[in-house]
Amino acid sequence: MPIMFGGTQIGVLAACVVLFVPMGMAGYHLSRNKMLFFSGALFITLAVGVHLTPYFPSVSDFVTSVQSVVVFDNREDSCINLVNEVIWNVKPRIISSNGGDSSNDSVGHDKIWDWSKNGKVKGCDFEKLGRGDVKDLLNGSWVVVAGDSQARLLVQSLLSLILDEKRMGMIMGDLFKRHSDYEIVVDDIGMKLDFVWAPYVVNLTNLMVGFKQNRTYPDVLVIGAGLWHMLHVNNASDYDIALENLRSSVVSLLPFSPELGTDGPVTGSVSVRSPHLFWLGMPMLINEMLNTEEKREKMNDKIWHAYYGALHDSRILRSYGGPLLLLDIQSLSWNCGPRCTNDGMHYDGTVYEAAVHILLNALLIESHQKLGST
């Protein structure tokens, strides 16, 4: 039976020739120059090791897995980093009175958004997903959204894409119970959604610790906090430290973490699918519209920008080397403008609808899925 040589055998044979022939020749002069011999042997061994690495998958996989622990996708030209590139068209609309008297007509505003059609963004083919697409994408998923009232509004927009108007009307009372958690199971697609009231960053950190202790991890995790800290603590440096602690807790949930999923000594990487991780940014605050003097004093532009800087300094966002992809509420609210808010802090549903579609398109990219319907 003929002997077949694969890539590995040929590589090993070539390595032996490269290694032992020069070493044998150098050994002939061993008695004259020992330093030359051992220096040459060390250099050749290292060179051979580099060339042999591709022939041993376990070595290559190990190198790749180690890199995945500390390096997050930060390619500036990838679609995942362009998914927040949304433009707005806010234009007035006359709302006619029921009586037909035009003097009683009022002016409303249509808030229309879409992704930019310029440059690289156009090539990403971002889309507003219909109900069927959203259900297919989130089928069988466990979604956790944790944070303050901004996160609750995001949950409302997400559920509005999944549930019909009648069921949405039935759940609104429970969803908007003040300072409370909420959970729902959408039986027809097997999706579970949990909203966790977590107005401070430390609440989010405790949630991460709970996931790790229970060894249960959501498929999609959206977290964000800052407004309560700004109002009640009002210290950007303290917020920065809290975010750094949160970052460590989030990273510990990722695959290949030496802390994840073992009771005894670590013997290798842990095979756990990473959640899709998102950070819900703070909205732009319109100071003169805030509804209390305390808010206007403590949540001014200077303080807001200090908190925004602390978020970047913490390196929790993927664009700064962290694990969480930003849902840029700041940009969405700023570009929608004052006509999209009544209190300078909570914005119209259109803003959070845009954030949900940004999240869904990011999920499509990360899960390598394609839209199946329109």
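## Overall make-up

The protein chain has 14 helices and eight strands, where helices (H or I, at least four residues) and strands (E, at least two) are DSSP runs numbered from the N terminus. The model is predicted: local features need pLDDT of at least 70, side-chain atom pairs count only at pLDDT 80 or more, and totals for chains, interfaces and linings use all residues. Residues are numbered from 1 along each chain as its sequence is written, and side-chain values use heavy atoms, with hydrogens and water left out.

Of the 374 residues, 42% count as buried, that is, under 20% relative accessible area with a 1.4 Å probe, protein chains only. Contacts (heavy atoms within 4.5 Å) with a separation of 6 or more come to 70% from residues 24 or more positions apart.

## Confidence

Mean pLDDT (the predictor's confidence in each residue, from 0 to 100) is 81, and 70% of residues reach 70 or more.

Where pLDDT is low, the predicted coordinates should not be read in detail.

## Second largest pocket

The second largest pocket is lined by 17 residues; Ser149, Arg178, His179, Trp228 and His346 lie nearest its centre. Two or more lining residues come from each of α6 (149–162) and α9 (227–232), and α9 gives the largest share, four residues.

Definitions and conventions
Buried < 20%, exposed > 50% of the residue type's maximum accessible area, 1.4 Å probe, protein only. 1 Å grid on protein atoms, 1.4 Å probe; cavity = no way out; pocket = protein on both sides within 12 Å on 5 of 7 lines; lining within 4 Å.
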